[in-house]
Amino acid sequence: MNQQGFDSLFSLIEKIFFRNQIWSWKFLGNSFSSYAIAVLTLLFAFSCMRFVKNFFLRRLKFLASAGKLRAESIIPKLVEKYLFPLLYYLAFYFAVNELDLSVAIKKLVDWFGLIFVIVQTTRFAICVTVYFLEEHWFKQEGSRISPTTSAGITGTVRLIFWILCSTIILDNLGFSLTTILAGMGIGGMAIALASQHILNDLFNYFVIFFDRPFEEGDFIMVGESQGTVREIGIKTTRLESVSGEQIVFSNSDLTGSRIRNYHKMVRRRVSFDLTVAHGIPTTKLKAIPEIVKRIISGTQSVDFDYCFFGEITENGLKFEAAYYLNARDFSAHAEARQKINLGITEEFEREKINLALPTRIIILDKSETA
């Protein structure tokens, strides 16, 4: 293209873009210049925020990797997923407000902005709440919350937040919640009656969680049933019995029952009786408490309590004894009891002390049989 051609092209561009021929055109009540200013403002704001975002997030991740942020795993996520989307929307909102929009479009933009802000705020609150539940509550020392239980709790928390979010949105959009609830009155009453037991079990699930009468892994006894707690669910709690089968209780049944939690037991007290035969010399009777004490005290993890001559019965001479086992495991209890019983039996055989056996003497009158 020669010089004359370039001059003609520049003249055309000048006429179109710099002599107000296209900028004065209007579309939907706004000139093209207004649209251009709004778009340029939006692009400039987005570019600035993108630069700040990249710089800020790199700085946060560096501080997190250096261990200088206490909540290093959540702060970059909060900034990236919840703060900057709000800033982007604010830039869009101010850019759009530079235009002369109709009432309907302005109302639509306001509604969209309201819903967006409330949803982002709800997501932010859920993220923070779930983070502190998982990092500072579920993982605290002594807590034995299973993944199933923690998932149920976090799911309930999310549900509560989203219900509140929906309520706030409907209220701000001008819907009457009273009218909606009144219209749902009959259906809501039927649902409430049908789900009464379910809600009762759900409530008692939180009672079990916060009060902690037992936890997963505890050995408990409920009435005549006993076993190890394997799962605490939202509606039911499952035990594994000693014989191996699974026992399922509703949470309402558990909170309304007397529960014996053997896991909370620091040590186990064991008492037993020894009945020796009549006719044993007094010197050997006096030695029995010392024999029992020596055997019990010599057993590992066992503390002697007492042993004394308690009662004279028709079957023999009864001694009462007791000791404490410094373990809550049933197998340790059975092993210690066996060792003590064997030791007492061996010592009594050595000292020729006979244990009493229930006997009955029947005398027959020969004159009646004749």
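How many helices and strands does the chain have? The count comes to 12 helices and 10 strands, taken as DSSP runs (H or I over at least four residues for helices, E over at least two for strands) and numbered from the N terminus. This is a predicted model, in which local features need pLDDT of at least 70 and side-chain atom pairs count only at pLDDT 80 or more, while totals for chains, interfaces and linings use all residues. Residues are numbered from 1 along each chain as its sequence is written, and side-chain values use heavy atoms, with hydrogens and water left out.

Of the 370 residues in the chain, 29% count as buried, meaning under 20% relative accessible area with a 1.4 Å probe, protein chains only. As for contacts (heavy atoms within 4.5 Å), 63% of those between residues at least 6 apart in sequence join residues at least 24 apart.

Next comes an open sheet of 3 strands, in the order β8-β10-β9 with antiparallel pairing; strands pair if DSSP finds at least two bridges between them. β8 (268-276) and β9 (302-312) sit at the edges with a single partner strand each, so one side of each has no neighbour in the sheet. β8 is joined to β10 (residues 317-325) by 9 bridges, and D273 has E320 in β10 as its bridge partner. Helix α11 (residues 330-350) packs on this sheet and touches β8, β9 and β10.

Elsewhere, T228 lies in strand β4 (residues 225-232). T228 is buried, at a relative accessible area of 17%. Leaving aside residues up to four places away in sequence, T228 touches G217, D218, F219, R238, L239 and E240.

Definitions and conventions
Buried means under 20% relative accessible area, exposed over 50%, partly exposed in between (1.4 Å probe, protein chains only). Axes are lines fitted to C-alpha atoms, for helices over the stretch in contact, and angles run from 0 to 180 degrees between N-to-C directions.
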